[in-house]
Every structure is written in C-alpha cells, then in structure tokens.
Amino acid sequence: MRGFSISPKKRTKQVPELLKAIGLMSGTSMDGIDVALIESDGETIKSFGPTLFVEYSHARKQRIEAALEDGEQVVERADRPGDWEALERDITSWHAEAVELFLKHGNVTKAEIDLIGFHGQTMLHRPDDALTVQLGDGQALADATGIDVVYDMRAKDMTVGGQGAPLVPAFHAALARQFDRSDDSVWPVAFVNIGGISNATYVDRDGTIAAFDCGPGNALIDQWVQMEAAIPYDQGGRIALEGGINAKIVNRYMASPFFARRGPKSLDRNDFPPLKSGEAELSDGARSLARVTAQAIVESGKLMPSVPRRWVVCGGGRKNSIIVDDMIALSAPGTIVEVAEAVGLDGDMMEAQAFAFLAICSRANLPLTYPTTTGCTQPVSGGVFAAASTSN
C-alpha cells in the first residue's frame, strides 16, 4: 500500500484564514454527543478549546438503535423509512441543545464561533453501493443555533469513487506535525480510533498518509455485555479481565476476508455479526472480543506503507485496558503503544475536534479525503454549507 503525501507546502497557495469551529460527533456507540472547539486554518491546529459530552438518555439511545433496523429499506440517501424523518428532526434538536449547553458551560459566545462541523448520526454505511446516510438537518441546526454549519461531509467523496470513510485522517495528519521529526524511534506513527468500529491513520514524517477501517472496535463487546448481562459496556475492560481467550471465537472473526484486503476500506457497524447468546461465558466472550479488536488493529499495520513504530490510541476503546495491553503484546518489540493523553491529546474528543477541523477545511476548499484514505480518485473537499438565519 502506497501513501499519499499532503505536505502543506504542496497544497497551500496563500495564507489561509484562522477560524474557530465547534465539532459535533455522535458515533456508532450512540451514547451521546461530543462537542469540541478548535482554532485552525485547515492545515495546522492553533489551539484546542473547551469540550463537553452530552449523554443520551436510555430512551434516546434505544430509539436510535431501534431505527437502525429500518436501514434495510433504504435504497437512496433521501429515503426516510419508519421513524427516520421524525428522528432526524429530533437528532438535529438534540445537537442544537448540545451546542447551547456547550456555549454556556464553556463560557463561549456565539459571536466567537465561525462554524459548526456537524457529523449527524450514521444510520447505514454501504460503501460498495456508494450509499451512506447520516441523520441530521444542517440547515435546521444553523437556524436553531444562529451559527453557520458544514454538514454531510461523506457524500462527495463517494461521488469520486471513495468509501466515504474514514474522515478523520486529515486531522490526524495535522496532529502528527507536533511530533519530533528527528526522532527515528517514533516514525511512522499511526493514530487508531477505537469507537464502535476501529479506524487507523498512518502518517510518516514526510507527510505521507494512508488510512482505513481496521475492524470491530467496541461494538461487538458492547453488544455482548448488553445481551448477556444488561450492562451498557465493559468499563475499563473489567469484565474481560476475569475471562480467558476463546481461540475458536477469535479465529472465526479473524478469518474474515476483510482483514486481508488492502485499504482503503471501510465498515458498517453491522458488518461483523455479534456473538450468539450463550456462545461463551460472559467474561470469556468479552475477553475474546477484546483480543479481536486488538489483533485486528495490529494486523492492520502490516497493510500500511510500513509497519508503525508508534500507535496513539484514541476513542472510548483506549479505556479498555485489555485492548491496549493486547496491542502491546501483539506488536513487534520496541513498538510504542500509548493512549492519546500521553502525547497531550484528548482521546475522548478527537472525533469531535476532527469534524471541527474538517468544517474549516471545507470552507477553505481544502481536501477532506485522499486516494489513500478512502479510495477516491483524487483529493476531494466536501461538505455542505448552511448559512445561519440572520434573525438569530
């Protein structure tokens, strides 16, 4: 797999404008909305601002989960089967509420904010059909908040042959510029975000970038402990810590042809079926699925331009100590595996920060995706701009 260089000197023709943007992210875990503020020119990060997590009630999460089942009826992006139309209005409203809470708790005024980067809630992602749906009305959010919004950031990539995911690599590449380029022991570096799905971004010191989805993240573990014990997730890997690895389960998942395919490639949350009830003891199931997550990530390094010497682990999965320990155990000797906080980053908020960054890139007409991150035929900008109503 070859990388694609995004050296700033090659893509900047004039001094870009610094903008402040709020990023909003509701991921495949469906646990709530991450809100984060950054200031950037679309190439480098000048500063990170306050953050906020707005948790979904159990009823809201259940409603989104129930609506996922209607995704099978979707043929075109505009389709809104079942509860989707009403749910889209409500998801937009919930994000507007989250922005208002963020401004209040962060002591930030609307006048300070140039943009909102709005991801919406992914309901289905079928890259082979060039079909992806994120519920969320960007214009309605702009009108409700009084702040300009950039949304629908995946679709344009798919029009030029891309997978529409992952979208965070451009942000990861900007973050990598903080690392010491003279230190041979930590290059190349790979950022891995462990959400419902794991995705990784490879960055070398010359700006070479490559990215793809690695495999299941937290989704299989969450589904397992919810089904077997009515527990939302395995906090800190405590359930897995009590269990043992069932090699049969691990080998079955790792036999998927997905893992042998070179990137770019992406996954839907439902591409890997959950364990069946009673297939293993609770802790053994959690332990085995944690190994699947870690092994999929480490094995993905072999599909990159060169095997990473440093992994920076982000997302909720970094809090599962079993996943991180397994990554260390499975990696080559001398490989550094560290959580985002060890390098001064906020591992909970990186996706929200990424969508703030991508909104700024969109307004500056800079690429959001590249041939080696999504498989698009050329670097492509994206996103739809919604201007706020002047009445707000």
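Author: V168, F171, H172, N193, C314, M350, E351 and A354 line the largest cavity. Helices (H or I, at least four residues) and strands (E, at least two) are DSSP runs, numbered from the N terminus. The biggest share comes from α12, with three residues. The model is predicted, so local features need pLDDT of at least 70 and side-chain atom pairs count only at pLDDT 80 or more, while totals for chains, interfaces and linings use all residues. Residues are numbered from 1 along each chain as its sequence is written, and side-chain values use heavy atoms, with hydrogens and water left out.

A cavity here is a set of points, on a 1 Å grid over the protein atoms alone, where a 1.4 Å probe fits but cannot get out; lining residues have an atom within 4 Å of a point. The search of the whole structure finds one cavity of 30 Å³ or more, and the largest cavity has a volume of about 30 Å³. That volume is the space filled by probe spheres set on the points, which are joined across faces, edges and corners. Its lining divides into five nonpolar residues, two polar and one charged. Ala, Val, Leu, Ile, Met, Phe, Trp, Tyr, Cys and Pro count as nonpolar, Asp, Glu, Lys and Arg as charged, and the others, Gly among them, as polar.

One of the lining residues is E351, which lies in helix α12. Apart from neighbours within four places in sequence, E351 is in contact (heavy atoms within 4.5 Å) with M25, V168 and N193. P273, by comparison, is 78 residues from E351 in sequence and 25 Å away in space, C-alpha to C-alpha.

Next comes strand β2 (residues 19-26), where seven of the eight residues are buried, meaning under 20% relative accessible area with a 1.4 Å probe and protein chains only. Two strands pair if DSSP finds at least two bridges between them. β2 runs antiparallel to β3 (residues 32-40), with seven bridges; L19 has S40 as its bridge partner there. In the hairpin of β2 and β3, with five residues between the strands, M30 has a positive phi near 55°. β2 runs parallel to β5 (residues 115-126), with five bridges, and there A21 is partnered with L115.

Q121 lies in β5. Q121 counts as buried because its relative accessibility is 1%. The side chains of Q121 and S26 are joined by a polar contact of 2.4 Å; such a contact is a pair of N or O atoms within 3.5 Å, where within protein one must be able to donate a hydrogen and the other to accept it, and residues adjacent in sequence count only if both atoms are side-chain atoms. Beyond neighbours within four places in sequence, the residues in contact with Q121 include S26, G27 and M30.

β5 also gives the most residues, four, to the lining of the second largest pocket. A pocket is an open set with protein on both sides within 12 Å along at least five of seven lines. The second largest pocket holds about 340 Å³ of space. Its lining has 18 residues, and L68, E69, D268, R269 and N270 are the closest to its centre.

Definitions and conventions: Buried means under 20% relative accessible area, exposed over 50%, partly exposed in between (1.4 Å probe, protein chains only).
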